[in-house]
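Hi,

Here is the structure I promised to pass on. Have a look at it first, then read my notes below.

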Amino acid sequence: MNRYAVLVGLGAALGLWQVIQTAPPALAARRARQGLALLLGGLLGARLGYVLLHFAYYRQHLLEAPQLWLGGLYWPGALAGALLALPVIARASGERLVVLADGLTPLLPPFTILVWLACWTAGCAYGIHTQGAWWGLPAADETGVVARRLPLQVLAALTLALMYGALELRLPPAPAILAGEKACLTLLALMTHTFLFSLLRADPTLRWLGLRADSWAALAFALPALAGWIILRLRLGKIESPPPKTEEH
């Protein structure tokens, strides 16, 4: 049994269940279909991102590129694919993009938490070797060698759960928040978390200016999320500010 695939599939299923549970009853079936479409976009993007990252190999083995069952997914590609799918789904349903983004945001917490746990079982995104320290946990690397390492994937999953819970408690109810604000804040928090934990990863990858490729990707996705949230807050301030008084003569 492929534990990685099982955990990722479970995360997707729980994410869809969350989307359905948080949607208005009249929109539940539509949200389920939209969530599936979003996951498909993410899956295609994840595979394309992995192929591009290892293009030197796939240039010589083009027929292996679409063979998902051989393994090889890249999270920046997954997120890019999902974000590109969002406006397509919104246009097809005639729904505002920001409303759709908020409606599908509940998919993220279960999915991302279980992806980190899936990485623990598959020997990817592992932490540094602990040299026998008591707090290290047995974890495999990409070659299957098991050693006591910083339990990065487990720590990431636990802190993600805490972060999502805190964010849910801090966000005001729907009438007091602009459409799109929940999606922007959730993505910003996720990318901040991803960037910090990428600094602790020991698995090999491409680097630029001393940072991992996935660290740069986290920053690249965090910036538009932050910009979107700032724009929404400025818009909310304009809506809430009273019009200037005019003098009567």
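Helix 7 (residues 152-170) buries Leu 152, Gln 153, Val 154, Ala 156, Ala 157, Leu 160, Met 163, Tyr 164 and Leu 167, where buried means under 20% relative accessible area with a 1.4 Å probe, protein chains only. Helices here are DSSP runs of H or I with at least four residues, strands are E runs of at least two, and both are numbered from the N terminus. An α-helix has 3.6 residues a turn, so residues three or four places apart point the same way. Among the parts covering that buried set are helix 6 (108-122) and helix 8 (181-198).

A quick word on the source: this is a predicted model, so local features need pLDDT of at least 70 and side-chain atom pairs pLDDT 80 or more, while totals for chains, interfaces and linings use all residues. Numbering starts from 1 along each chain as its sequence is written, and side-chain values use heavy atoms, without hydrogens and water.

Leaving aside neighbours within four places in sequence, Met 191 is in contact (heavy atoms within 4.5 Å) with Trp 75, Leu 79, Ala 218, Phe 221 and Ala 222.

There's a hairpin too: strand 1 (residues 137-140) and strand 2 pair (at least two DSSP bridges) in the antiparallel sense over four bridges. Between these strands sit five residues, and Gly 144 in this hairpin takes a positive phi near 95°.

Cheers

Technical notes: Buried < 20%, exposed > 50% of the residue type's maximum accessible area, 1.4 Å probe, protein only.
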